[in-house]
Amino acid sequence: LFVTVDAPQLGRREKDMRQKFTQQGSDVQGDDEDEGGVDRSQGATRAISSYIDPGLNWDDVPWLKKITKMKVLLKGVQCGEDAVAAYKAGLSGCVLSNHGGRQLDTCRPGIEVLPEVMEALKEAGCGKDDFAVFVDGGIRRGGDIFKAVALGAQAVGVGRPVLYSLASYGQNGIVRMVHMLQDELQMVMRLAGTPSISSITEKHVLTTNLADHIVPLPVDNLTARTYQALEPAAKL
């Protein structure tokens, strides 16, 4: 059971506010707007915020564990202290996530928080099998999965690729997406000399510039520097 803890209210999603979507799917609660409880004039996101209880806190953890036999994990953890608190509270794990970057501007992505969390859990005496750590956000390639596993994650969450695959090709798109990620992960594992998941360690990745937020853009040097670029006939 994943309990989302990073959304006591939804962020300021200005595109949604400008669109002011109020049609099918946004009015299933009936006449609540007439009663003054929900304002849909700022779009569906702000309307949904009206149904979120911002009072969720650590005191609710015993109740959550009591009402279900499933494992309970917190989704949206952003620092080592909260991960340790979840572990000491007897929860089964956590998901490191910044909610797709749609909640708090400039907050760190899950992959950047991951080393801090693993170190904090280690100092707290937590073994890798005692507390599951997942990470989501920005997972686009098999290489991204490899990096997350190398830094200590037991699994990753995939969001946008699922949405795009499902919207464009339906069920077959989802199957194809999973196969692509699987093929890419296997390729990276072979090239990195890691025959199994358990053989992937932090020594297989460099984290010295993890927090720099510098994204190099790919450049085709062969075309850009060797050959004369093709130009329209009018410019020749």
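Is Leu-96 buried or exposed? Leu-96 counts as buried because its relative accessibility is 0%, where buried means under 20% relative accessible area, exposed over 50% and partly exposed in between (1.4 Å probe, protein chains only). This is a predicted model, in which local features need pLDDT of at least 70 and side-chain atom pairs count only at pLDDT 80 or more, while totals for chains, interfaces and linings use all residues. Residues are numbered from 1 along each chain as its sequence is written, and side-chain values use heavy atoms, with hydrogens and water left out.

**Overall fold**

- The protein has eight helices and five strands; helices (H or I, at least four residues) and strands (E, at least two) are DSSP runs, numbered from the N terminus.
- Along the sequence the pattern reads β-α-α-α-β-α-β-α-β-α-β-α-α.
- Of the 236 residues in the protein, 33% are buried.
- Contact means heavy atoms within 4.5 Å. Among contacts between residues at least 6 apart in sequence, 60% join residues at least 24 apart.

**Nonpolar core**

- A nonpolar core is a set of buried Ala, Val, Leu, Ile, Met, Phe, Trp, Tyr and Cys residues joined through side-chain atoms within 4.5 Å.
- The largest such core has 35 residues, and those with the most contacts inside it are Cys-94, Leu-96, Val-117, Leu-121, Phe-131 and Val-133.
- Two or more residues of this core come from each of helix H3 (61-66), strand E2 (73-77), helix H4 (80-88), E3, H5, strand E4 (132-136), H6 and helix H7 (160-191).
- Leu-96 lies in strand E3 (residues 93-96). Not counting residues up to four places away in sequence, Leu-96 touches Val-77, Gly-110, Val-113, Leu-114, Val-117, Val-133, Phe-134, Val-135 and Asp-136.

**Second largest pocket**

- The second largest pocket has a volume of about 520 Å³. On a 1 Å grid over the protein atoms alone, a cavity is a set of points where a 1.4 Å probe fits but cannot get out, and a pocket is an open set with protein on both sides within 12 Å along at least five of seven lines; lining residues have an atom within 4 Å of a point. Grid points are joined across faces, edges and corners, and a volume is the space filled by probe spheres set on the points.
- The lining of the second largest pocket has 21 residues, with Met-118, Ala-150, Leu-151, Gly-152 and Glu-202 nearest the centre.
- Helix H5 (110-123) and helix H6 (142-150) are the elements that give two or more residues to this lining. H5 supplies the largest share, five residues.
- By class, the lining residues are eleven nonpolar, six polar and four charged. Ala, Val, Leu, Ile, Met, Phe, Trp, Tyr, Cys and Pro count as nonpolar, Asp, Glu, Lys and Arg as charged, and the others, Gly among them, as polar.

**Cysteines**

- A disulfide is taken as a pair of cysteine sulfur atoms within 2.5 Å, and by this rule the count is zero.
- The sulfur of Cys-126 is too far for a bond because the closest cysteine sulfur, in Cys-94, is 9.2 Å away.
- Cys-126 is buried, with a relative accessible area of 12%, and Cys-107 also counts as buried, at 18% relative accessibility.

**Loop between E3 and H5**

- Most residues other than glycine have a negative phi.
- His-99 is placed in the loop between E3 and H5, and its phi is positive, near 60 degrees. His-99 counts as buried, at 15% relative accessibility.
- Thr-106 is in the loop between E3 and H5 and has a positive phi near 70 degrees. Thr-106 is exposed, with a relative accessible area of 80%.

**Other sites**

- Glu-119 is in helix H5 and is partly exposed, with a relative accessible area of 42%. Glu-119 and Gly-80 are 39 residues apart in sequence and 7.8 Å apart in space, C-alpha to C-alpha.
- Thr-194 lies in the loop between H7 and helix H8 (221-226) and counts as buried at 3% relative accessibility. Leaving aside neighbours within four places in sequence, Thr-194 is in contact with Phe-146, Met-189, Ser-199, Ile-200 and His-204.
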